Amino acid sequence: MNSDKNNHLGEELILRFLIDEDDVPEAARQHLAICPLCRGEKEKLEQDLLRFGRIAKQYSPVPKRRISLPERSRRNTVGWFWNWQAASGMGAIAAIILVVISWNTLFRAQPEFPVIATNQELIAAEEFMTEVDLLVNNALPAVYLDISGESYLEVDEEFIDYIVPAAYEDVSRYEGGKTEGEKLC
Amino acid sequence: MTQQDQRPHKGRTRDTLSHMKSLVERAGGGEGEAFDQLVDMFQGDIFRMVYYRTRSQMDAEDITQDVFVQAYKNISRLNSPEQFRSWLFSIAVNRVRDFHRKNKFRGLFGLYTEGEEERESSAGRNDDDDALDTMTKKDFWKQVEGLLDKLSKMEREVFMLRFMDDLGIKEIAGVLKKQESTVKTHLYRALEKFRREPSMRQLLREERG
């Protein structure tokens, strides 16, 4: 037992009594039960601590403001509304994504339907394409071609080539890295 | 005075505990009135707990408000309704820590908060206090400050939770998330220092006289 010369409880044991009686050895407990001096010492300190707590409480102000909590019903309604909105938004987005994906897979993957055309249709298409080709070559009717002089286009081109030779003909006249004009200089 | 203020200093009866448990369960299920009753039960305790650590009524009211709002938002997640009080105190301890951290940060920039001004001018003062009361209170809190300054951070917290906030060892261990043996060790050291503080004991004797 941790006690002084006269077998009284030491400070350590008295403090341990105040903290937790169950932690104190049985012998110390028995001593405390029969020793008024030790009991008095323990009770004095105990009273001091109780008084300390009581005075602290007494010398504290009282709260003036009431606690205001967020409105539960409003929070719930807003929460529900928010959940509902969020859920429907997410649903709509998911549906759009699903449609786009299925559209692509269904219509892209499927082979194109063979177009069965009749002979008449084929002939008509060929005639139409011939007309288009003619128009691409000469958009103007023959009468207008005569007026504009474009009916003599081939002759004119030869004539122009004679007057103004094409650029590649100049290359053939290049000798030793210098043109004829440069040689003269 | 709130209902909690009239509660006997030591021990909560089994009825009170079971009543609290049922209120917590009802509040967790979304019953606003049950939470209001819990606020009535514990507002005083939490306010004082914060006041002891901030020594400013304004800050104590703000932090108490935050503590209850946080508890209100998370009460459905509390697994053990019987630990509601400890849980509330652990929220408060964290809030007070945040508050001191913020103040320290402000202090770095030389910013003087309204709370600090209030602390300087009115320690524990109530509106109906006369000059003598104010002086006595101021003196008491000065002595408390002197005592608490001699304790380490952990010793101070454990001592305050035990003897000022009236929490049991188990509750303190829950609040601080420490082993009970650790709590007891810190409490022992704090008590040793308390016992050797003549000014505090003198003050308590004067109050008794």
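Residues are numbered from 1 along each chain as its sequence is written, and chains are lettered from A and ligands numbered from 1 in the order in which they are written. Because the model is predicted, local features need a pLDDT of at least 70 and side-chain atom pairs count only at pLDDT 80 or more, whereas totals for chains, interfaces and linings use all residues.

Chain B contains ten helices and zero strands, where helices (H or I, at least four residues) and strands (E, at least two) are DSSP runs numbered from the N terminus. From the N terminus on, its elements run α-α-α-α-α-α-α-α-α-α. Of its 209 residues, 39% count as buried. A residue is buried if 20 or more other C-beta atoms lie within 10 Å of its own, exposed if 12 or fewer, and partly exposed in between, with C-beta atoms placed from the backbone. Two residues are in contact if their C-beta atoms, placed from the backbone, lie within 7 Å. Among contacts in chain B between residues at least 6 apart in sequence, 63% join residues at least 24 apart.

The largest nonpolar core has 67 residues; such a core is a set of buried Ala, Val, Leu, Ile, Met, Phe, Trp, Tyr and Cys residues joined through C-beta atoms within 7 Å. The members that touch the most other members are B:Leu38, B:Ile46, B:Val50, B:Val67, B:Leu88, B:Ala92 and B:Ile172. Helix H2 (residues 32-54) of chain B gives the largest share of this core, eleven residues. When residues up to four places away in sequence are left out, B:Ile172 touches B:Val158, B:Leu161, B:Arg162, B:Leu167 and B:Val183.

Helix H3 (residues 57-74) of chain B, with 18 residues, should span 26 Å, and its end C-alpha atoms are 26 Å apart, which agrees. The buried residues of H3(B) include B:Ile63, B:Val67, B:Phe68 and B:Tyr72. Among the buried residues of H4(B) are B:Trp87, B:Leu88, B:Ala92 and B:Phe99. The cover over the buried residues of H4(B) includes helix H1 (14-28), H2, H3 and helix H8 (169-176) of chain B.

Most residues other than glycine have a negative phi. B:Arg55, which is not a glycine, has a positive phi of about 55°. B:Arg55 is found in the loop between H2 and H3 of chain B and is buried because 21 other C-beta atoms lie within 10 Å. Phi of B:Lys177 is also positive, near 55°. B:Lys177 is placed in the loop between H8 and helix H9 (180-195) of chain B and is exposed, with 8 other C-beta atoms within 10 Å. B:Ser152 sits in the loop between helix H6 (131-149) and helix H7 (153-164) of chain B and counts as exposed, with 12 C-beta neighbours inside 10 Å. Although B:Ser152 and B:Ala190 are 38 residues apart in sequence, their C-alpha atoms are 8.3 Å apart in space.

Chain A contains nine helices and zero strands. Buried residues make up 10% of its 185 residues. Among its contacts with a separation of 6 or more, 35% join residues 24 or more positions apart.

Chain A averages a pLDDT of 76, and 68% of the residues score at least 70. Among the elements of chain A, H3(A) has the highest mean pLDDT (91) and helix H9 (residues 180-184) of chain A the lowest (46). Over residues 170-185 of chain A the pLDDT is below 50. Where pLDDT is low, the predicted coordinates should not be read in detail.

Technical notes. The expected span of a helix is 1.5 Å times one less than its number of residues. pLDDT is the predictor's confidence in each residue, from 0 to 100.
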